[in-house]
Amino acid sequence: MSNFLNAGVIGLGVGKRHLDLYNNHKNISKIKVYDFNLDLVKSLIKKYPRVTFCNEANDILKDEDTNMVSIASYDNYHHEQILIALEHNKHVLIEKPLCLNEKQLID
């Protein structure tokens with residue numbers, strides 16, 4: 001069994017802290033990141049040469065090689081992204097809130 005994990009980060013507001021942590025962790029092998037702000041992504045490409053910047057969140061959520069994902073997107077996306085991540089056997093770290101209403105909580 002490998003001691004290495006492949007991590008993903010969705011959203012680079014608070015998620016930037018997650019990215020920094022993963023980028024500096026000795027047991028993180030690969031990192032994928034998605035943020036819809038292309039200017040922000042472009043500004044980070046040279047700073048994080050080992051990171052793969054993705055075109056959409058599902059490039060991380062549905063990726064077979066990604067073991068864990070930090071979801072730090074806007075709150076209204078959390079519910080759907082959590083469900084997709086869990087359906088694809090990811091360990092999930094979610095920046096609050098988990099969901100926005102009781103119906104989503106029941107899902």
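Visitor: Why is Ala57 called buried?

Guide: Buried means under 20% relative accessible area, exposed means over 50%, and partly exposed lies in between (1.4 Å probe, protein chains only). Ala57 has 11% relative accessibility, so Ala57 counts as buried. A word on the source: this is a predicted model, where local features need pLDDT of at least 70, side-chain atom pairs count only at pLDDT 80 or more, and totals for chains, interfaces and linings use all residues. Residues are numbered from 1 along each chain as its sequence is written, and side-chain values use heavy atoms, with hydrogens and water left out.

Visitor: Where is Ala57, and what does Ala57 contact?

Guide: Ala57 sits in the loop between S3 and helix H3 (58-61). Helices (H or I, at least four residues) and strands (E, at least two) are DSSP runs, numbered from the N terminus. Contact means heavy atoms within 4.5 Å. Neighbours within four places in sequence aside, Ala57 is in contact with Ile10, Tyr34 and Gln81.

Visitor: What makes Gln81 buried?

Guide: Its relative accessibility is 8%, so Gln81 counts as buried. Gln81 belongs to helix H4 (residues 75-87). Not counting residues up to four places away in sequence, Gln81 touches Ile10, Ala57, Leu61, Ile71 and Ser73.

Visitor: What makes a set of residues a nonpolar core?

Guide: The members are buried Ala, Val, Leu, Ile, Met, Phe, Trp, Tyr and Cys residues, joined through side-chain atoms within 4.5 Å. The largest one here has 14 residues. Leu19, Tyr22, Ile31, Val33, Val51 and Phe53 have the most contacts inside it. Strand S1 (5-10), helix H1 (15-24), strand S2 (28-34), helix H2 (38-44) and strand S3 (51-53) each give two or more residues to this core. S2 supplies the largest share, three residues. Apart from this core lies another, of eleven residues, among them Tyr34, Ile60, Ile71 and Ile84.

Visitor: How many aromatic pairs are there?

Guide: The structure holds one.

Visitor: Why is the pair of Phe36 and Tyr74 called tilted?

Guide: Rings of Phe, Tyr and Trp (its six-membered ring) pair if their centres lie within 6.5 Å; planes under 30 degrees apart count as stacked, over 60 as edge-to-face and the rest as tilted. Here the centres are 5.7 Å apart and the planes stand at 35°, so the pair is tilted. Phe36 lies in the loop between S2 and H2, and Tyr74 in the loop between strand S4 (68-71) and H4, so the pair ties together parts 38 residues apart in sequence.

Visitor: Is Phe36 buried or exposed?

Guide: Phe36 has 52% relative accessibility, so Phe36 counts as exposed. Tyr74 is exposed because its relative accessible area is 52%.
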